[in-house]
Amino acid sequence: MLFPINTKSRAVIDLSGIWNFLIPEENQIIDLYKLLPNPTLIGVPGSYNDQVTEKKQRDYIGDFWYEKEFDFPDVLRSERLVLRFGSVTNSCKVYLNGTYLGEHVGGYTPFEFVLPNKVLKSTNIIKILVSNELNFKTLPNAVFLENQKKIIPNFDFFNYSGIHRPVKIYSTPTDFIEDIIVKYEILKNEAIIKPTVRLNSSFDNLEYEVLDEDNNVVIKTDKKEFKIDNPKLWNPLKSYMYKLKVNLYNDKKVLVDTYTELFGFRSIEVRNNQIYINDKPFYFKGYGKHEDFPILGRGMNETVISSDFKLMKWSNANSLRTAHYPYSEEFMRMADREGFIVINEVPGVGLFNKFDFDVSNKKEEKNNTWDIIDSSNYHSEVIRELISRDKNHPSVISWAIGNEPAGHQIGAKKYFEPLVKMTKELDWEKRAVVIPNIINASPELDEINELVDIICLNRYYGWYLDHGDLEQAKIHLSNEIEKWHELYPEKPIMISEFGADTINGFKSIYSNPFTEEYQVEYYKSNFEVIDKYPYIIGEHVWNFADFETHPNVRRVDGNKKGIFTRDRKPKMIAHYLKQRWK
Ligand code: GCB
């Protein structure tokens, strides 16, 4: 799926701004042809939750309405017009002037509907019926208590909802370029480019132009496969982005449609328990993140995105994981430009029906997650949507197709095996597939690490286990890492999450848990272990910043494992990481 941009043949209208919003009364009937009665005004993009003042509304689970009235310019009326949503969480139905346009399930990927010419007027009303219900079919996966209209999340972040990313109308000609995959091969002093272009057109006369970062035309050709000499590589923290301009002509050689896709040349290989980017071993230094910011909730904001990348670079990080769902397209475009390495995650979270940290090492047969949940169809869909959206990003080097599923319960392999296979088939680059592992799925019990390319461990020794006892924590972490290596000596291991809740400003000369000193000691002792093993290829600390969660006895006004506070002030550990990662 292409990101909407202005080109010679295309125009984009942004409908962001203030929208009408309504949580209906029970059984309230909404007239699709009229404006919503007594709406609340809500900013888009943004979660609605922190823009309302009543707790009941903030925590509401169910259906609610968004509405926007807008005028449409006559100048674009002869074009094919598409209404596109960056994301609406978690599912929605869309109406234009009372006419149903379609629906989308899933809160973190874009979707679009062609606007029927008959329905579009000069003044229009878009209505969206959004649902933030999560259940055993959805991802994230949660227990839905129907009679209480409540969810019990098996995951650790607030169920922020609403229109989280921009809503746009874009135009294309009626014959148009539908999709572009920039496939290439890097040889010694040249790169061979073999674009795959999907057209919806009665013509197929294509021309390609490759432009460098200074907009010099490197090549212009109508060949299906072509080479460029001495390509500049896209490297971690040294981004180099080329543009591939695809021009579609009609039979009279008149330009019909044109689209410019950004891409970069880089190679990835996982072998001998290492990962190589452009043939050089790569070590992941960085963060598990969230899309989370005060007031915006999960709403896309390019200023926050820009500042987060600056802070990550300030700390000398080189990589991140989009825990626990696909981030905005704007974020991914920034990752490319900043040269960040991204492990790109689908919302495959909550796939453990008794989310806990039971390490008694028993195979759980009763109340088994894989017998209860019903998300595998939807799971394939989100993988398909993510790869279709992000295939051309050089920053993306891996797909995380789940986070902490119940890998120790019977049926995990049966659930994930087809998904891993499908992910590889859909991605022409066959990027590494990972599924960050939960501690319960120990080397003795786990069914799914045999399927992945990199063993990603989310480990909290010294926090949930061996709380406050870093000496024991080191022993337990070492033992476990060695067991994994013994099982899979060829596979690299990465510590994909580790961290300690830390309240900014809490201090202790004894380095007690929750203080900034403890967070520093915690990381130092984890690094002592990590640094012993050459087959460990990276460390992603949890989390980049403090973030909002559902109320929980373990959470003090949200998850406080941030290296930065929620408003992005550095805790003591930030300065330590900056030194280590230098
Ligand atoms: C985890 C989860 C993450 C939580 C984190 C924590 O293992 O993957 O979503 O936020 O632990 O802080 O407990």
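A: Asn27 is placed in the loop between strand E2 (17-22) and strand E3 (40-44); helices (H or I, at least four residues) and strands (E, at least two) are DSSP runs numbered from the N terminus. This is a predicted model, in which local features need pLDDT of at least 70 and side-chain atom pairs count only at pLDDT 80 or more, while totals for chains, interfaces and linings use all residues. Residues are numbered from 1 along each chain as its sequence is written, and side-chain values use heavy atoms, with hydrogens and water left out.

The phi of Asn27 is near 60°, positive although the residue is not glycine. Most residues other than glycine have a negative phi, and most peptide bonds are trans. Asn27 is exposed because its relative accessibility is 71% (buried is under 20% relative accessible area, exposed over 50%, partly exposed in between, with a 1.4 Å probe and protein chains only).

A positive phi is also found at Asp557, near 55°. Asp557 lies in the loop between E32 and H9 and, at 64% relative accessibility, is exposed. Asn543 is in the loop between strand E32 (536-542) and helix H9 (572-580), and a cis peptide bond with omega of about 5° joins Trp542 to Asn543. Another cis bond, with omega of about 10°, links Thr89 and Asn90; Asn90 is in the loop between strand E6 (88-89) and strand E7 (91-96).

Turning to charged side chains, the whole structure holds 42 salt bridges (a side-chain nitrogen of Lys or Arg within 4 Å of a carboxyl oxygen of Asp or Glu). In one of them, the closest N and O atoms of Lys127 and Glu67 are 2.8 Å apart. That pair links distant parts of the chain, with Lys127 in strand E10 (residues 123-131) and Glu67 in strand E4 (residues 63-71), 60 residues apart. Lys127 is buried, at 1% relative accessibility, and Glu67 is buried with a relative accessible area of 1%.

Lys137 pairs with Asp374 in a salt bridge, N to O 3.2 Å at the closest. Here 237 residues separate the partners: Lys137 is in the loop between E10 and strand E11 (142-145), and Asp374 is in the loop between helix H4 (369-372) and helix H5 (376-390). Lys137 is exposed at 52%, whereas Asp374 is partly exposed at 43%. Within helix H5, Glu381 and Arg384 are three residues apart, about one turn of the helix, and their side chains form a salt bridge of 2.9 Å, N to O. A network of salt bridges connects Asp156, Asp501, Arg555 and Lys561.

Next, helix packing. The axes of helix H7 (residues 470-487) and helix H8 (residues 516-530) come within 9 Å and cross at roughly 35° (axes are lines fitted to C-alpha atoms, for helices over the stretch in contact, with angles from 0 to 180 degrees between N-to-C directions). Residues in contact, meaning heavy atoms within 4.5 Å, include Leu470 and Leu477 of H7 and Tyr518 and Tyr522 of H8.

Last, the sheet. Strands E15, E16 and E19 form an open antiparallel sheet in the order E15-E16-E19; strands pair if DSSP finds at least two bridges between them. Strand E15 (176-186) and strand E19 (226-229) are at the edges with a single partner strand each, so one side of each has no neighbour in the sheet. Ten bridges join E15 to strand E16 (residues 190-200), and Asp179 has Arg198 in E16 as its bridge partner.
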